[in-house]
Amino acid sequence: MIWSLLTGVVRKDLLRAWSDPAGLLITLCIPLAIGGLMTMATGGSDGPTPKARLLVVDEDDSIVSQFLVGALGRGEGGGVIDAELVEPAVGRSRIDAGEASALLLIPAGFGRALLDETPSELQLLTNPAQRILPGILQETLEMGVDAAFYLQRVVGPQLRTLRDAISSDDAQVAAFPEAEVARLSIEMRRAIQRVESYLFPPAIELSVEAAPTAANEAAPKPSYGLLFFPGVVLMALFFAAQNQSEDLWRERRLGTLRRAMSASALSARSLLFGKVLAGVVVLGGLVAVVLALGAAYHRLPLAVLPAAWLWATVAGGVLLLLMMLVQLHASSQRGAAILSSALVFPLLMVGGSFFAFEAMPSWMASIGRYTPNGWALERLKDILLQRSDAAALAVALGVAGLVGGVLLLVCARAMRRFATR
Amino acid sequence: MIDVEGLTKQFGDVYAARGLSFRAQPGEVFGLLGPNGAGKSTTIGCICGLLSPTSGRVAVLGHDVRTEGVASRRELGVVPQELAIYEDLSATENLRYWGGAFGLRGADLQRRVAEVLEQIGLLDRAREPAKQFSGGMKRRLNFGCALVHAPRVLLLDEPTVGVDPQSRVRLLDLVREQAKAGVTVLYTTHYMEEAESLCDRLAIVDHGEIVAQGTLAELRGLIGERDVLRLVGVFEPDRVQRDLSQIDGVEVVQADATALRLAVVGASAKLPALFAALAAAGATVRETTMTQPNLESLFIKLTGKELRE
């Protein structure tokens, strides 16, 4: 009997949803359009890792400044920093035009000042239109300056002698005795030997190993677009859940909720449960379409799709209940719309749908990962990048089921009052 | 059967219903007649369990609505004052849904849907979305949704408000058919003509209280075998009331500066004396209407105001 009543409610809501294909299409298209544009803006599925372009005006042109500029383009920083030497006027005009992430000004005398241990200043002008890449440049530069400082502490006297020799006129260079060169070399070697026990290898070593598995081998290499894709899925779910939850107010305006409460075998709880089930079916269809498009574009392995669909649909159901909770407690339809939008947009913003966590400041990303959609997004990303197994999925589904159950109970309590007030 | 005993519903300091008692029997149309805000919809709300009575008892076919709410609601068909249908669904889908909401399914549901479509005259438009219907057709569908599970008790809350005359006639015929089939019908309205033509028994409600109840004949008897004279003109209410009351067989039902309403035994014979008394009282008469006693006259006699106020 209860099942028959529920299927009636589900059937009715699905028919109503189907009778408004434009609404469904808009719900689908908005996140796809946003996601598509952001993916294209970041280079698509094969797009390179974004690089910070650093313009350098080297007015010092010393051994130290050259070491600093060279260090910025090598090692870990070399992957994301593209350093380019420019003339001062060109550098200024290009940073003003927003053509680079930052402009580094190395003043004349910087190298001498560093070796003489006298104050000097590097200037870094950052592009205010960018947030993440200038930050990377600043941190890398600070590391470079620290490295130069420690180099100066270890072999400073020898470097100063060399600098004086190189900067002197040709006659004196020629007069620089070979014995002196040998002495300097030995001193530098001894200095380095004194500290090398701490540096090579470092006193503390962190070893991170990942066991090579078939799954890891087949795992897609995440481009920025792929990292952003789970956010698109969650955005589509959030918008659709918001739209579905508003049906409570549509039914209230139609008077059908009141009618159902006044004369039928339907209880408020069964009516709500039926509406949630119908909503989950719609969300499941939406997830299937978005995942299919995403899988084709990002060339995702087909094996991950069933788990991704299951997880995203369940997560969508929980988001739907969250949105219903807002609708049921609002005093008017307009109030509900304002309240739900005030909830959805900040959550989308912080929860990784407008900006991937990887592109956020770490403090914001760590908050975002604990928002409901952010948490769901991370699980979905793990599934899509094959970093998750069945046990992890089962735990996530259990947590979602528990949260959904609590929300369902709270909503059911509010439903009758909402329908009859 | 609907049993209402001492029903009181209070919202803060306001009494929407105060000590209402009536009983509607199977096969009869019991009317609640009263102006807007009299407490008719509150009474319906308490019967179908949407509102909890402050005190008193309401039972539907013997099921107390407070303690056996689910059982009583299954027996009810409710036609709300406002349309309560899914306009984006067809007539068939609406009826299927509301039939299913009472547990009907399969062949039974299909049969009842077809029967109701026939009854409400929408068989040929059954597959069209309700949003394409005229106002009258939507009203009929609204009515049909309450009939699809063949309820034994039907509550109709002003179902003809805003309905064109043709659709109104059709709806009233449907109500009569239900009563003839043995259904208990409770019908609320503020249209006196509807109540007179449809209801077997009536309760006149004002300010949440029943001021009179009985069959139409019994209620007419309360005003007596008197004609109702309505005079329009310029009057001094106190003076006119005092002077006319002295004429044998004349009762001033209502008097104000521009209109008089009198209940008069043998009005034709008394007209000369009435006009002479009015002239002596300084009144000017511009228009005179004489009618048989009706519910409106009774309502005015009982409450001192017109039904449409």
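Tutor: Keep in mind that this is a predicted model. Start at B:Thr188: setting aside neighbours within four places in sequence, B:Thr188 is in contact with B:Leu32, B:Lys40, B:Ser41, B:Ile44, B:Leu156, B:Asp157 and B:Glu158.

Student: OK, and where is B:Thr188 found?
Tutor: In strand β8 of chain B, which covers residues 184-189.

Student: Is B:Thr188 buried or exposed?
Tutor: Buried, because B:Thr188 has 24 C-beta neighbours inside 10 Å, and 20 or more is enough to count as buried.

Student: How far apart are B:Thr188 and B:Gly31, in sequence and in space?
Tutor: They are 157 residues apart in sequence, yet their C-alpha atoms are 5.6 Å apart in space.

Student: Zooming out, what's the secondary structure of chain B?
Tutor: Chain B has 11 helices and 14 strands. Buried residues make up 44% of its 309 residues. Looking at contacts in chain B with a separation of 6 or more, 68% are between residues 24 or more positions apart.

Student: And how many helices and strands are there in chain A?
Tutor: Chain A has 19 helices and four strands. Of its 421 residues, 36% count as buried. For contacts in chain A between residues at least 6 apart in sequence, 79% join residues at least 24 apart.

Student: What does each chain put into the contact between them?
Tutor: Chain A gives 22 residues and chain B gives 23. On the chain A side, α1 (2-18) and α13 (256-262) each supply at least two residues. That side of chain A divides into nine nonpolar, eight polar and five charged residues.

Student: New topic: which residues touch the most other members of the largest nonpolar core?
Tutor: That core has 147 residues, and A:Val233, A:Leu237, B:Leu155 and B:Val185 touch the most other members. Beyond its neighbours within four places in sequence, B:Val185 is in contact with residues including B:Val29, B:Phe30, B:Leu154 and B:Leu156. There is also a second, separate core of 21 residues, with A:Leu72, A:Leu103, A:Phe110 and A:Leu114 among them.

Student: Back to A:Val233 and A:Leu237 in α11(A): what do they and their helix meet in α15(A)?
Tutor: They are part of a group in α11(A) that meets residues in α15(A), including A:Ala312, A:Ala315, A:Leu319 and A:Met323. By class, this contact has 10 nonpolar, five polar and no charged residues.

Student: At what angle do α11 and α15 of chain A pack?
Tutor: Helix α11 (residues 224-245) and helix α15 (residues 305-329) of chain A pack at about 40 degrees, with their axes 8 Å apart. That makes α11(A) oblique to α15(A). The crossing of these two, α11(A) and α15(A), is right-handed.

Student: Last one: what is the phi of A:Asp61?
Tutor: Near 50 degrees, a positive value in a residue other than glycine. Most residues other than glycine have a negative phi. You'll find A:Asp61 in the loop between β1 (52-58) and α3 (63-72) of chain A. A:Asp61 counts as exposed because it has 12 C-beta neighbours inside 10 Å.

Student: And what about the phi of A:Arg299?
Tutor: A:Arg299 is not a glycine, but has a positive phi of about 50 degrees. A:Arg299 is in the loop between α14 (268-298) and α15 of chain A. With 11 C-beta neighbours inside 10 Å, A:Arg299 counts as exposed.

Definitions and conventions:
Residues numbered from 1 in each chain as written. Chains lettered and ligands numbered in written order. Predicted model: local features only at pLDDT ≥ 70, side-chain atom pairs only at ≥ 80, totals over all residues. Axes fitted to C-alpha atoms, helices over the stretch in contact; angles between N-to-C directions. Parallel < 35°, antiparallel > 145°, perpendicular 65-115°, else oblique. Left-handed = near helix turned anticlockwise from the far one by under 90°. Contact = placed C-beta atoms within 7 Å. Nonpolar A, V, L, I, M, F, W, Y, C, P; charged D, E, K, R; others polar. Core = buried A, V, L, I, M, F, W, Y, C linked by C-beta atoms within 7 Å.
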